[in-house]
Amino acid sequence: MMNLEEFKFTPENPSYPTFAHPPTPQSYRSLSFKQGIDMRDEIDGKQCCIVCGTTLSLRHAHILPPEDVAGHFIWLKLKETQEIPQWVQGVEEEPRNGLSLCATHHVAFDNYQFYIRYVPSPLDRFILINISTHPDLAQFHGKAIFLNPAHHIVPFPQLLYIHEYSARAQYASLDSPAISSTVVYPNWLRFSGGAFARVVR
């Protein structure tokens, strides 16, 4: 079993697992929030929810909420400390601060019912942690999601760690549920040869 408590993000342990963000070509740097997410979070030519794969009722979800004054402050501090590049756009328009989620998983994400954690090499995957132990999220718990760490505009993991911190605060009485050390993809998704494909059933 994998113990995520080893990577726990707390005020006492604010460090992040190492992540070398892929180089971003100049042509990608001016993409709008929606353009970047639509380009990154599509499979077989269609945008989809990175959790369940549906193409219905999709939302462009912010990781760090731009309507929150604290979100803008954190964004500026991350740039100041070079946790994220100086050239990135603002918190509202930067596609690396966004995810494609269906309406159901957008609400669950905003309510901190789950968080997304980047687990470094040798796994090198983003996985979903059902911190709330919500039954509707059980089928996705501990599984990799539709985010490729090698993509030019993959979300900044630092933002996901900040979201994780809030999720852990929301469910402070709970430890991260155990997950298998063998992280697999959900039934609708496969990853082979450096590319994602939808599983046709």
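**Close-up 1. Glu94 sits in the loop between helix H2 (69–80) and strand E4.** Helices (H or I, at least four residues) and strands (E, at least two) are DSSP runs, numbered from the N terminus. This is a predicted model, in which local features need pLDDT of at least 70 and side-chain atom pairs count only at pLDDT 80 or more, while totals for chains, interfaces and linings use all residues. Residues are numbered from 1 along each chain as its sequence is written, and side-chain values use heavy atoms, with hydrogens and water left out. Glu94 counts as buried because its relative accessibility is 0% (buried: under 20% relative accessible area, 1.4 Å probe, protein chains only). Not counting residues up to four places away in sequence, Glu94 touches Phe33, Trp75, Val88, Gln89 and Phe156 (contact: heavy atoms within 4.5 Å).

**Close-up 2. Helix H3 (residues 103–110) and its buried residues.** Here you can find His105, His106, Ala108 and Phe109 buried. Seen down the H3 axis, they fall within an arc of 165 degrees, so they line one face of the helix (the arc is that of the directions from the helix axis to the C-beta atoms). Their packing partners are strands E3 (58–62), E4 (98–102) and E5 (115–119), along with helix H4 (157–170). After H3 comes Tyr112, with a positive phi near 60 degrees.

**Close-up 3. Gln47, in strand E2 (residues 46–47).** The Gln47 side chain makes a polar contact of 3.2 Å with that of Asp38 and one of 2.9 Å with that of Ser100 (polar contact: a pair of N or O atoms within 3.5 Å; within protein, one must be able to donate a hydrogen and the other to accept it, and residues adjacent in sequence count only if both atoms are side-chain atoms).

Notes
Buried means under 20% relative accessible area, exposed over 50%, partly exposed in between (1.4 Å probe, protein chains only).
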